[in-house]
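Please examine the sequence and the three-dimensional structure shown here before reading on.

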Amino acid sequence: MSNQDLIPTETLDSLKTLFASSKKILLTTHKSPDGDAIGSSLALFHYLKSQGHNVSVSVPDPLPGFLKWMPGSENLIVFSKNKKKFKEILNDSEIVFSLDYNHFNRTGEEMSKLLSESDALKIMIDHHQSPDDFMKYRVWDVMASSTAQLVWEFIVALSGKTAISKNIGECIYTGIMTDTGSFRFKSCTSHTLRITADLLDIGVRGDLIHQYIYDQNSLNRIHLMGYALENIVLMPEQRTAYIALSKEVLKKFNYKPGDTEGLVNKVLSVEGVDIAALITEKENQIRLSLRSAGDFSVNKLSRKYFNGGGHENAAGGMIKLEFTKAIKYIEDSIKEAVK
Ligand code: 5GP
Ligand code: MN
């Protein structure tokens, strides 16, 4: 997609006018935030602050430990822990950004309601399918490697490459790296790598970022992974495999947010498997993380059966059933879908 298609000239002119004077801005991202959610949010946070705006940044729930090193993360307002503060800031905000999601319900029921009711001007930056139409402006491209890449485009369109500081660069690098499986998915184009190369040129340490994200595992996490991998269930006829983790198992391994990150990709790597699921039992719902190889769309699967969505080859969803019933329902749904 050319830059003109991504941000048409009239939109860019309106955005430049909008941001010409100091604004009160709130940045928001989706539940269970990942490297791209936090990376894109904090990159934009640093940029907008550098332009003289009054910026707050919020997440629905706490971020995983492996993202806590990120520059600016101490500024994050966690909605589930500080609803009052979030409401005050939202009420006071002139502009609200939605980053790495395109339906308010991705922020959870309560936060979603508040965002829908807010009359701040809404801007969305995102790369998921089937966006809602709540926003006045959007920077949206399903082919983009990550929302962080789109934030790079946004900043460069408004202020040029010189506005990309090292802090911004580290956040963007993190988003691109985590959403492309460390630069290996199809979405990682030559353009993505050129952006990444630019980031290295301004001093971003890709080697260290990789270490912070992937090489700081608690022993509990490694043990949980061992358990999970030993308990992969294969559905050979459907070329499907899954792991199901009950509340009890998660408790046994002292589960922390982010501990199951990457597991579903291991499931997909099993020979003969084109559809992979990680099923986890949460407080009052069952979460699904889905991956596919080839043409099978887990986005469509999740929309149809699991109240979710995402991308063609990576999606998520949730169901409200008791754990064993949920597993049966998921197996039956996949059997029906691949028939
Ligand atoms: P993950 O499995 O890594 O949590 O998510 C895979 C992809 O699907 C991500 O791009 C994520 O944003 C999206 N996704 C995860 N859960 C949901 C969901 O409940 N609804 C929608 N629409 N997208 C989801
Ligand atoms: Mn993303």
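This is a predicted model: local features need pLDDT of at least 70, side-chain atom pairs count only at pLDDT 80 or more; totals for chains, interfaces and linings use all residues.

Residues are numbered from 1 along each chain as its sequence is written, chains are lettered from A and ligands numbered from 1 in the order in which they are written, and side-chain values use heavy atoms, with hydrogens and water left out.

One open sheet consists of 6 strands in the order β3-β2-β1-β4-β5-β6, paired in parallel. Helices (H or I, at least four residues) and strands (E, at least two) are DSSP runs numbered from the N terminus, and two strands pair if DSSP finds at least two bridges between them. At the edges stand β3 and β6 (137-140), each of which pairs on one side only. From one strand to the next, the twist averages 20°; axes are lines fitted to C-alpha atoms, for helices over the stretch in contact, and angles run from 0 to 180 degrees between N-to-C directions. Within this sheet, β4 (residues 95-99) and β5 (residues 121-126) run parallel and are joined by 5 bridges; I95 has L121 in β5 as its bridge partner. Helix α4 (residues 83-92) lies across β1 (24-29), β2, β3 and β4, at about 130° to β1.

Strands β10 (residues 286-292) and β12 (residues 314-319) form an antiparallel pair over 6 bridges, in which L290 stands opposite A315.

A search of the whole structure finds 11 aromatic pairs. Rings of Phe, Tyr and Trp (its six-membered ring) pair if their centres lie within 6.5 Å; planes under 30 degrees apart count as stacked, over 60 as edge-to-face and the rest as tilted. W69 and Y212 form a tilted pair, 5.0 Å centre to centre with 45° between the planes. This pair links distant parts of the chain, 143 residues apart: W69 lies in the loop between β2 (54-59) and β3 (76-78), and Y212 in helix α9.

Key
Contact means heavy atoms within 4.5 Å.
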